[in-house]
Protein chains: 4
Amino acid sequence: MIKIGVVGLGRMGKIHLENLSKNIQDAKVIAAVNPGDEGQNFALQNGIKNVSNKIDSITSNPEIDAVVICSPNNTHSEYIIKAAKAGKAVFCEKPIDMSLEKANETISLISKLNVPIMIGFNQRFDNNFSKVKNDISAGKIGLLRNIHIISRDPQPPPISYIKNSGGLFKDMTIHDFDMARFIMGSEVAEVFAYGNCLIDPAIGKAGDIDSATVLLKFENNALATIENSREAKYGYDQRLEVFGSKGVIKVKNPLKSNVETSTEIGTETDSHLNFFMDRYKLSYLEEMRCFINALINNKPMPVSGEDGIKAMIIAEAANKSLIENRPIKVDSIKIN
Amino acid sequence: MIKIGVVGLGRMGKIHLENLSKNIQDAKVIAAVNPGDEGQNFALQNGIKNVSNKIDSITSNPEIDAVVICSPNNTHSEYIIKAAKAGKAVFCEKPIDMSLEKANETISLISKLNVPIMIGFNQRFDNNFSKVKNDISAGKIGLLRNIHIISRDPQPPPISYIKNSGGLFKDMTIHDFDMARFIMGSEVAEVFAYGNCLIDPAIGKAGDIDSATVLLKFENNALATIENSREAKYGYDQRLEVFGSKGVIKVKNPLKSNVETSTEIGTETDSHLNFFMDRYKLSYLEEMRCFINALINNKPMPVSGEDGIKAMIIAEAANKSLIENRPIKVDSIKIN
Amino acid sequence: MIKIGVVGLGRMGKIHLENLSKNIQDAKVIAAVNPGDEGQNFALQNGIKNVSNKIDSITSNPEIDAVVICSPNNTHSEYIIKAAKAGKAVFCEKPIDMSLEKANETISLISKLNVPIMIGFNQRFDNNFSKVKNDISAGKIGLLRNIHIISRDPQPPPISYIKNSGGLFKDMTIHDFDMARFIMGSEVAEVFAYGNCLIDPAIGKAGDIDSATVLLKFENNALATIENSREAKYGYDQRLEVFGSKGVIKVKNPLKSNVETSTEIGTETDSHLNFFMDRYKLSYLEEMRCFINALINNKPMPVSGEDGIKAMIIAEAANKSLIENRPIKVDSIKIN
Amino acid sequence: MIKIGVVGLGRMGKIHLENLSKNIQDAKVIAAVNPGDEGQNFALQNGIKNVSNKIDSITSNPEIDAVVICSPNNTHSEYIIKAAKAGKAVFCEKPIDMSLEKANETISLISKLNVPIMIGFNQRFDNNFSKVKNDISAGKIGLLRNIHIISRDPQPPPISYIKNSGGLFKDMTIHDFDMARFIMGSEVAEVFAYGNCLIDPAIGKAGDIDSATVLLKFENNALATIENSREAKYGYDQRLEVFGSKGVIKVKNPLKSNVETSTEIGTETDSHLNFFMDRYKLSYLEEMRCFINALINNKPMPVSGEDGIKAMIIAEAANKSLIENRPIKVDSIKIN
């Protein structure tokens, strides 16, 4: 039984707390930290007795094996380090830090401390994407030539969010960078990014883009294309297509139902799932299962700290490419 | 080169004449018979020189190898016999005759005269249905247990047509009876039919039904269900599903295009093809190719006169079942 | 907060207990009854303190508002009556009783006692089927003409189960009878059933059939066809299609994933869900939510005792039709 | 009646000759030119009396209204000029010339001579793509943000063909450049191309690539991505997806049939159409119908000489981008 402390009870913290409490046999949440009442009450209602607004109540608790960090992005690296120094295993939502340098330092430290850490790239645990990975590993479509990822949110976040997001590539595309690496099994060598502001000029004023297409060239010479948009009127659009020497694999969007209606107008299927809370609901559970499982069996983490850093570096290269309008070699991104 | 005379230049006659003239290398239409000017002009424009309103101009022409009969239903058996007595091979649109007795006599005579005859059950030559037949023959779904046919017209024919149609089972379901036999590779032993008038009361007044569900029990104990409707607002609906010990095969409706649109409302595909002229266009060509091919290679006809009779007997049993509200054994249908 | 006692902790009891404990805020399981240790331990592990092997521990507990009955079929009516006499609301898995007479007596008694009862026709709460019902109620496909239900299990149950099942129609088709009534919103007037033993002769020896097609004629003159099979090599097959004056609605099978692979062979989608535990997982939760919701808001039960009786009568008519090989009027089924 | 001379009776010439002869009422092929016997015999068998190996037999024939040029690529501009100088309308397969300069001169001359010319970008006339264009024009998906084109051939052409093809972008992608312009209704401003040789090293040795991803930035700020491959083991893959402010439109691949089979393995649909002769069969007919229709009604050509030039310029920019590994502005491509 892995005993867990959850840090931060916003949207993600609540999901992880519930999954760990109700749906994972080998884990038990025994403490939670959150500054505000609403999150604290949530923890209490879920039977957590040790609820506090101080991170120390978790890091200093010798019973706790692992810390799940879901606090605001700008606290991640601090809490990772505190937890690691206290000898706790760490699960942390992405990003490790808003600053690539700080993130890198954090992961280096974790590595020296030899503490297990897993980064929350939950999409790897979606049943569709993990099946793709498995089918590819089984050789079903031969050698990979091309990956195509479409990732479109149903509507843009508030401008206040945009301003603190780190920009589209670090905030949204980062999941796709990780997915591309995960699926390809090769590292990104070069990045070219086109982006613009087609949806809301206020996003542009805030210094960000709302639409982008990013090309990745991998070390194995294969390519990936990522299409991002902050808005899709038809709903959350999360697709993946992988082309290989023997065939092609596609992940289509799950829909709200399998109901199909034909009338004079044509044939209509149901609408897309609303957003990531619906689309990736089961992936959050599976992700946490894999974290607990790796801890119990002393296996390598399925998403490493290194994976978190690699995706950030690609995002950095994409930003540079966008500004300089030229392809950027990933190894030209220096971490000071 | 098979030399053909076409009898009757209505809708079907025109299709066959064009296919034989333009798209089948080993056939040539050298004569056509039609009472009215419009059909005759069509033949002339298609380069047929020998155009007449007399069937004898074809039956007495020693150059002609085969006659394609597309005249009104009540003339079929007469023209079949004339052509056969003149030693011509015959292709005839269904039905052989409105009267089962007359149809049976005609086919018996043809059999004695040893003249090749093919009945126009064109749906067997649709690329979808013939693939199903081939896949079943190759054992893809094992032993057959159940067939399900959905056949719905986009809108009912005029009441005048209904009155002379011989009723839903003989006019419309007859194609499905043939398809069920073709796919099952076993004979129908018993028939149970439910029918009613849900679309247009005028059809009921004309003594017919517009909606029906027919159950067939085959000699091999497997079952088939046929659903018919004279109206489907979403377009011509022609589906087939076959369930076997190893799997299930489905034929879905071809649509006007492969375009799929997602908006706020949902995901929409294109509408169904309008009617049989679009849906079965290529089957008419393939059917005629097979007829010519059988003649040239002296092979058995792909749809025999016997096939025409068998479908009519099932229709008769369905009518009896509808009236008496009980299952009817097919071998209880006596041909006087 | 509705306080619940769960009777019977086999497969269904466990599902309901878990859903009520973890996923429904307004309900709390406070007692459970089960004869064997395994089920009792399950309850204890889920935090139920009051665990017993005596039904009285629930019926005599004044704290308990409602009883969820998941014990063997032959105990249902006895426990329903006990619970109702103790003034508890009842949720009971189908069937009410193996005997139609006994079932009818039970429901009559419940009615006199004025106790809420809900029968576990969970498929009504499947998101696909309930959307179909809603879309039909909203007039999306106009007046209904025809329902088609396909229900095939992945593999037959053991012969021992078959022997005590009450036969295919009462055990399996009964869900489809309820679904047809639910969707059509009209009562069944007449039933015609074909059935046979195509899968396993041992099922025939046990006096049952493994394959059936049932035709229902409704009071509104519309029809329904139900296709059942105890085995489908491709997996659990649960489809529904409703044809109306303005269009057609189809429920397709959900698959294990949305992954689609194209290779030299063709295009392949993922396999079907294994069985009802996967396919209807969410419907069990939704069903229980609706039960609790009806109790809290003092609303009529979404599936009544009458609904349970009606489906049994149709099954009885289907059995009679199968034996006598003729259509049977539902009102000819007399309950002694 | 438009009287036509066909120049070149290879694969495309035969298709156009047959369509013009058999399927287009207002056109008649009265002359054909081809160097070899095989093509000449084809014309004779199709009833063309005036068959020659000299282009002059067409250009000097006063009866001829229009010339359809399907001869080898390196003869196009010469024959276009000859035909135009003789006052004939011209339909010419792409490219206008292997040299952009020569092509530009040719179109300039045609423009001065005021002769109608249409370039054979047949994909615009595919029923799927033209429906997309119409739906977009009708505002169905709002303002366009992104186009995604996938175009993969089933297998690479012979190396001998590759050597004279002008390279992937001019030979294969050129159709996609035209499609992107056609759909977007805006001109391409900038091009970035990644390409490599993943399929056959011999293609690399011949100085070409076999795989490419091209990004287009349009003047309206929207983007397009084109994915090309010379080989797809699963068959010819021709898809288009357009993302707009109100929704997304997708063109899926038509398959050989609508047959779908489910077995223990999963659900399988039929394979892709083999290659462009099957996939675009009807587009060739529609294209020729539109050409004849424009001539008869004196309307602008649906694909202009300018369209031919524009696509070539984009190809040139793509080549430059590939070599220099940087985005290339289209207006930086100078035609000497």
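A: Let's start with I96(B), which sits in the loop of chain B that runs between β5 (89-92) and α5 (100-113). Keep in mind that this is a predicted model. Is I96(B) buried or exposed? Its relative accessibility is 1%, and since buried means under 20%, I96(B) counts as buried.

What surrounds it? Setting aside neighbours within four places in sequence, I96(B) is in contact with H76(B), S77(B) and I80(B), and also with A103(B), T106(B), I107(B) and I119(B). For a sense of distance within the chain, take E260(B): 164 residues separate I96(B) from E260(B) in sequence, and their C-alpha atoms are 43 Å apart in space.

Now over to chain A. An unreviewed UniProt entry annotates residues 2-121 of chain A as "domain: Gfo/Idh/MocA-like oxidoreductase N-terminal". That stretch of chain A is 42% helix and 22% strand, with 21 Å between its end C-alpha atoms.

Finally, the pairing of chains A and D. Chain D superposes on chain A through a rotation of 180° with 0.0 Å of shift along the axis, at an RMSD of 0.0 Å. The two copies are therefore related as by a two-fold rotation axis. Within chain D, the residue that comes closest to that axis is R326(D), whose C-alpha lies 2.7 Å from it. As for the interface, 100% of the interface residues of chain D are also interface residues in chain A, so the copies meet through the same surface.

Key: Residues numbered from 1 in each chain as written. Chains lettered and ligands numbered in written order. Predicted model: local features only at pLDDT ≥ 70, side-chain atom pairs only at ≥ 80, totals over all residues. Heavy atoms only, no water. Least-squares fit on C-alpha atoms with pLDDT ≥ 70 in both. Contact = heavy atoms within 4.5 Å. Helix = DSSP H or I, 4+ residues; strand = E, 2+ residues; numbered from the N terminus. Buried < 20%, exposed > 50% of the residue type's maximum accessible area, 1.4 Å probe, protein only. UniProt positions renumbered as here; feature names shortened; annotations may be inferred.
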